[in-house]
Amino acid sequence: MKNIARELRAPVPVSESFDARVMDAVRSMPRYGRLGLWSRLTTPRRRTFTITPLTLGLIAAGIGVFALLGAAHAYVDVNRAAKPIVAALGSKKAEPAQRVQFVLVAPDAKKVAVVGDFNGWDSRHAQYQAQHRGGGVWSVTAPVPVGHHRYSFVVDDSVWVVDPSAPRLVDSDYGVANSALLVEHQQ
Amino acid sequence: MEVASSDAVIVARVLRGDVEAFRVLVDRYRDRYARFAFHMLGNREDAEEALQDAFTRAYRSLARCEDPERFGAWLFRILVNRCRTAGARRGRRQRTFVSDDMALLAAAHDHPADRTAWREEIERALTRLRPEQREAFLLKYVEDMGYDEMSQLTGVGVSALKMRVMRACDRLRELLSEVHSA
């Protein structure tokens with residue numbers, strides 16, 4: 001068997017254009033931050049805009065309308081103006097839940113569940129039990145309220161596994177990592 | 001000097017916006033990982049595609065590489081997954097390839113003393129292993145990994161990996177002895 005392995009260890013050269021292809025693909029992707037936030041805010045950058053006279057006129061008209069509306073609004077009584085804001089806050093509805101698919105590759109698992117702040121970290125919650133889809137792939141699609149969440153997978157009721165495809169957050173209480181999830185309003 | 005820089009130094013440079021520094025990592029891992037991809041997928045074109053995909057995915061997720069000093073191991077894990085995906089996607093083509101190989105295998109046997117032919121026989125035998133056995137065999141014998149390292153890389157238990165390697169060895173012996181006894 002070692003003779004076979006020795007043959008297989010021989011180098012396998014790639015085509016000459018390989019590096020160039022990888023670098024072209026990499027260059028076409030967003031570049032990581034070259035400048036820090038402060039540098040980005042304070043470094044002068046030159047921008048060129050082209051604008052037609054018609055567009056310029058429309059913008060000027062829009063600014064004029066906003067200025068007139070602003071002046072008219074200044075006469076409205078402050079107490080009256082505040083009421084609609086309070087009413088709007090009072091009638092705020094609970095955020096709707098969106099259906100989110102969780103996927104984990106765990107070839108040796110017998111059971112996989114999703115736990116998070118949206119189900120009280122309960123690994124027995126019926127809606128968050130993943131099903132085996134073959135080839136070691138486990139998945140479940142379940143409702144999660146709009147907003148920021150922390151979650152994790154629990155394999156075989158004992159091993160907590162972060163989602164390799166999601167950003168990680170270290171839990172401030174326990175120092176262990178969880179996965180981060182942002183559920184947005186459906187457009 | 002770039003070649004002497006550690007992976008962590010190069011990764012830090014890329015994360016600061018020096019895209020061209022990524023070329024050092026490509027140069028550092030290209031050949032070794034091309035070998036694994038080639039043996040896993042059975043042809044150069046698919047191997048290069050999987051390897052290129054692994055490099056670009058690594059770049060895209062570079063900020064999430066938890067231990068930049070071990071960038072190579074992290075990239076290898078991505079490549080192993082890309083090869084699994086590519087292998088599954090091209091399963092049908094692979095079967096056709098293997099079927100066609102039977103004729104080639106017989107032809108190659110006309111020159112058993114030729115080392116190139118021997119290597120080709122090994123390559124063909126390799127393509128006839130089950131993908132998970134081929135992966136385990138290559139990691140153990142060609143990449144020279146320990147079972148614990150293989151387990152971390154693949155997410156498969158040590159005992160299952162030992163079984164896969166053993167079956168791969170048995171099957172390779174069987175296939176190659178068929179060639180020599182034919």
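Me: How many salt bridges does the rule find across the interface of chain B and chain A?
Reply: Five salt bridges turn up across that interface. The rule asks for a side-chain nitrogen of Lys or Arg within 4 Å of a carboxyl oxygen of Asp or Glu. One heads-up: this is a predicted model, where local features need pLDDT of at least 70, side-chain atom pairs count only at pLDDT 80 or more, and totals for chains, interfaces and linings use all residues. Residues are numbered from 1 along each chain as its sequence is written, chains are lettered from A and ligands numbered from 1 in the order in which they are written, and side-chain values use heavy atoms, with hydrogens and water left out.

Me: How many residues does each chain bring to the contact?
Reply: Chain B brings 46 residues and chain A brings 32. Contact means heavy atoms within 4.5 Å.

Me: Which helix of chain B gives the most to the side that touches chain A?
Reply: Helix 2 of chain B, with nine residues. Helices (H or I, at least four residues) and strands (E, at least two) are DSSP runs, numbered from the N terminus.

Me: Let's stay on helix 2. Is His39(B) buried or exposed?
Reply: His39(B), which lies in helix 2 of chain B, is buried, with a relative accessible area of 2%. The cut-offs are under 20% for buried, over 50% for exposed and partly exposed in between (1.4 Å probe, protein chains only).

Me: What does His39(B) touch, then?
Reply: Leaving aside neighbours within four places in sequence, His39(B) is in contact with Leu8(A), Glu123(B), Leu126(B), Arg134(B) and Leu138(B).

Me: Switching topic: what's the strand order in the chain A sheet?
Reply: It's 1-4-3, an open sheet of three strands with antiparallel pairing. Two strands pair if DSSP finds at least two bridges between them. Strand 1 (97-105) and strand 3 (131-132) are the edge strands, each pairing on one side only.

Me: How many bridges join strand 1 of chain A to strand 4 of chain A?
Reply: Nine. Among the residues involved, Leu104(A) stands opposite Trp138(A) in strand 4 of chain A. Strand 3 of chain A pairs with strand 4 (residues 137-145) over two bridges, and Gln131(A) stands opposite Ser139(A) there.

Me: Which side chains of strand 1 of chain A are on the buried face?
Reply: Gln98(A), Val100(A), Phe102(A) and Leu104(A).

Me: Last one: what is phi of Trp121(A) near?
Reply: Near 55°, a positive value in a residue other than glycine. Most residues other than glycine have a negative phi. Trp121(A) lies in the loop between strand 2 (112-116) and strand 3 of chain A and is partly exposed at 31% relative accessible area. Asp144(B) also has a positive phi, about 60°, and counts as exposed at 59% relative accessibility.
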